[in-house]
Amino acid sequence: MQERFGGMDADLPDAADANDATDLASSARGLYVRVALDQPIPTLFDYRYTLEAQPEIGQLVQVPFGRRSVVGLICAISSSTDVPRQRLRAAESICTDCAPLSPSWLALVNFAAEYYQRALGEVALPALPQPLRDPARWGRLLAVEPQYSLTESGRLALPAALPVRAHALRRLAEALAAQVLPAAQARALHPKANATLAQWCEAGWVTAIEGDAVPASPPVAMARTVAALASPLDAPTLTEEQGAALEQLQQVRGFAALLLYGVTGSGKTEVYLRGLAALLERDAEAQGLVLVPEINLTPQFEAAFRTRFAHLPADTIVTLHSGLAEGERARNWLAAHQGRARIVLGTRLAILASLPKLALIIVDEEHEAAYKQQEGLRYSARDLAVWRAKQLEIPVLLGSATPSLESWWQAEQGRYRKLTLSHRAVTDAVLPSVKLIDLEHEKRRGRASVDGLSQPLLAALRARLARGEQSLIFLNRRGYAPALSCDACGWVAGCPRCSAYVVLHKPERALRCHHCGWEERIPHACPECGNVDIAPLGRGTQRVEEALAAALPQARIARIDADSTRRKGTAQALFSDVHAGQIDVLVGTQMIAKGHDFQRVTLVGVLNADNALFSHDFRASERLFAQLMQVSGRAGRGGLAGEVLIQTRYARHPLYDALARHDYPGFARATLEERRQAHFPPFVYQALLRAEARTLEQALAFLHAAAAGLDGLPDGARITRYDPVPLTIVKVMHVHRAQLLIECASRAALQHTLHAWQPHLRSLKGALRWNLEVDPLDI
Ligand code: ADP
Ligand code: ZN
Ligand code: ZN
């Protein structure tokens, strides 16, 4: 999605200009469509409509815009227009492939546009899959996919032609032998089924039957009734707390926001599964939307859904996330739009999916920052989920072991209903014991750490090795060392494009900027003074991996971070090695904390957590607490006692104290009180204006001029504004960045002000980019 260019706004056409003078023949009366376009201009654009198909609100049209032809969304139809007739242009084509987007979907994107201060089209169009925005592909969107059947020669030749260990291919072949297979079902069995089936057709082993020539034979398992879903045979008996939570969910009629506060391992997923199963049983058309922070990191989550609903047709469950190929994403989106998909499992972008029969929304790990889109339309999928549920008068279930303080505060005030799972679901599984290793104390006793690993932590690791159990070592810093420096002159290697140090990556023998990707080879000597004794400063995952290998020579060690998993599938492979017991110690960043249910991990070691305790960002401690709870939750899941050891120089810090007691409510109470006193969210509402320019002076000058525009606005006096300031990392890719924070105790007054402020912002000139973020997370 594009940013606004302050200096460019003046060059863009206004609503009337867009309909350049081309046609003088149009009559004063006629049919006009008012269209939303993906343009940073808060208006709809009028076009004459003379096409054969009757237009409907919510349909896509192809229209001329300037010298281009673009796709827009019909938002209104009228028999008159204010645009002078000689300037009106005509719509070129209309997409009649699928049903128009519904009024409730239009209301959702309209709300998102208003709330996040964008034009309707800037929200609506990017929310649609690419093929819908491409008129060349209209007409084929809903082409019925072929079905495949095995030929006689295939029946004879295929089994022998497949490698013994190609399990997925064999499954595909077996399914073909049993029935005529629709393409969607084939893809569910094998991710590359389309290509494979094309080859098999080529070989004459399979024939493709186009269209509806043959009715699909129902999958065998379909015989099981939907009623069997509510208490499926392969599901565990609910714990008392799970049962109570589920009952509360079932009793909801109309809108309710339910906060499912469940400790790690308490079985929140089971509550989601049962809630959805009950929904599908109750209503033959109802759809459920399940949001997860990151689908690629939680394959087990998706697998649990696919297994539980395996007896329903293949596209009952579809996923929506940015990792899908374009065609797949469009197919899944359309399945949801047409109501065929009953469960949509997706990342934040799925909140804007069209779901005509939506009846339940679930947001897993609702506290995760990944729900906030950080570019283009900066929306919070969690907040939109609550709005959408309210609009549709349906329940929304927000699950977390460490809810966001915003949600917790809503629950405290009784606006959200709190459902608590305080115990782990698996019998015998208890929460791990959390202990602090006081590094100051260790030092005083003459037991210094070796390469950042304290003696008690090393002893605990050795004990796990001896018992054949697994350990995780967590630190939130990838690379070898966060900096490279010269002792003699004080030089530290920095990025030439950013105001940031470059990170040393030893295996790659490179210095890398984590902000802009700039890379260079490690120098042999200090470029300032020629000293050859330059040394790494601090520790990242690579260096810890090296230190562990030296300290535990017999251990099998693996590392999981953004570097080690750059190639697709490597994270998956590394995690399955851990599951298979082929790894003794896993070192990693927060990637290792996400959702994995490791059975034999009994020790979690935490390094370098202290950094976040004294951050200038008031949300840092909330994030740290959530992260440590989540990573601690990896220990002791499979009935083995778990232990968490946190190395710290601040062993008396209240955050660690609350963590050791597994006391999220205590942490939340104390932190909310601090926030109340300091006038931080959730007690005030904030918006952030960011500017990016060649020089810091330009960026700051823009923000000062912007701030001046607040005077005299209707609610201007109620708004607190801070001084424009440079960002902590002020320069990235040669661009200087600064921001202006404003806040208000009333959300409505802030919204009112932002709307009134926009024309002023647009009128400011200058060669810079700016954007406005509502409810910013990073300040
Ligand atoms: P959470 O998401 O709350 O951290 P999970 O949903 O991952 O917890 O569940 C943790 C483990 O408990 C999983 O292995 C799951 O299969 C198991 N589990 C969930 N509910 C039950 C239950 N009622 N009885 C036994 N095991 C359960
Ligand atoms: Zn030097
Ligand atoms: Zn850089």
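Colleague: To begin, in which loop does Pro682 lie?

Modeller: Pro682 lies in the loop between helix H20 (664-678) and strand S28 (685-693). Helices (H or I, at least four residues) and strands (E, at least two) are DSSP runs, numbered from the N terminus. The peptide bond from Pro681 to Pro682 is cis, with omega near 10°.

Colleague: Before we continue, what conventions apply here?

Modeller: This is a predicted model, in which local features need pLDDT of at least 70 and side-chain atom pairs count only at pLDDT 80 or more, while totals for chains, interfaces and linings use all residues. Residues are numbered from 1 along each chain as its sequence is written, chains are lettered from A and ligands numbered from 1 in the order in which they are written, and side-chain values use heavy atoms, with hydrogens and water left out.

Colleague: Now the ligand. Which residues come nearest to ligand 1?

Modeller: Of the 17 residues around ligand 1, the nearest are Thr237, Gln242, Gly265, Thr269 and Asp597. A residue is near a molecule if one of its heavy atoms lies within 4 Å of it.

Colleague: Which element gives the most to that shell?

Modeller: Helix H9 does, with three residues. By class, the shell has five nonpolar, eight polar and four charged residues. Here Ala, Val, Leu, Ile, Met, Phe, Trp, Tyr, Cys and Pro count as nonpolar, Asp, Glu, Lys and Arg as charged, and the others, Gly among them, as polar.

Colleague: And what lies 2.6 Å from an oxygen atom of ligand 1?

Modeller: A backbone N or O atom of Gly265 does. A nitrogen atom of ligand 1 is also 2.6 Å from a polar backbone atom of Thr237. In the side chain of Lys268, an N or O atom is 2.9 Å from an oxygen atom of the ligand. Taken alone, ligand 1 exposes 560 Å², and the protein buries 74% of that. Accessible areas come from the Shrake-Rupley method with a 1.4 Å probe; for residues, only the protein chains shown count as cover.

Colleague: Let us turn to H10. Which of its residues are buried?

Modeller: In helix H10 (residues 299-308), they are Phe301, Phe305 and Arg308. Buried means under 20% relative accessible area, exposed over 50%, and partly exposed in between (1.4 Å probe, protein chains only).

Colleague: How are they arranged around the helix?

Modeller: Seen down the axis of H10, the buried residues fall within an arc of 75°, so they line one face of the helix. The arc is that of the directions from the helix axis to the C-beta atoms. In general, an α-helix has 3.6 residues a turn, so residues three or four places apart point the same way.

Colleague: What do those buried residues pack against?

Modeller: They pack against helix H9 (268-282) and strands S11 (287-291), S12 (317-320) and S13 (343-346). Contact means heavy atoms within 4.5 Å.

Colleague: A change of topic: what is the phi of Glu393?

Modeller: Glu393 has a positive phi of about 55°, although it is not a glycine. Glu393 is found in the loop between helix H12 (381-392) and strand S15 (395-400). With a relative accessible area of 55%, Glu393 is exposed. Arg509 also has a positive phi, of about 50°, and is not a glycine either; its loop runs between strand S20 (503-505) and strand S21 (510-512).

Colleague: Is His367 buried or exposed?

Modeller: His367 counts as buried, at 18% relative accessibility. Its place is the loop between strand S14 (358-363) and H12.

Colleague: With which side chain does the side chain of His367 make a polar contact?

Modeller: With that of Ser400, at 2.8 Å. A polar contact is a pair of N or O atoms within 3.5 Å; within protein, one must be able to donate a hydrogen and the other to accept it, and residues adjacent in sequence count only if both atoms are side-chain atoms. Leaving aside neighbours within four places in sequence, His367 is in contact with residues including Arg382, Thr402 and Ala626.

Colleague: Finally, where is His579?

Modeller: His579 is in helix H17 and counts as partly exposed, at 39% relative accessibility. Beyond four places in sequence, His579 is in contact with Gln300, His596, Asp597 and Phe598. His579 and Arg600 are 21 residues apart in sequence and 8.0 Å apart in space, C-alpha to C-alpha.
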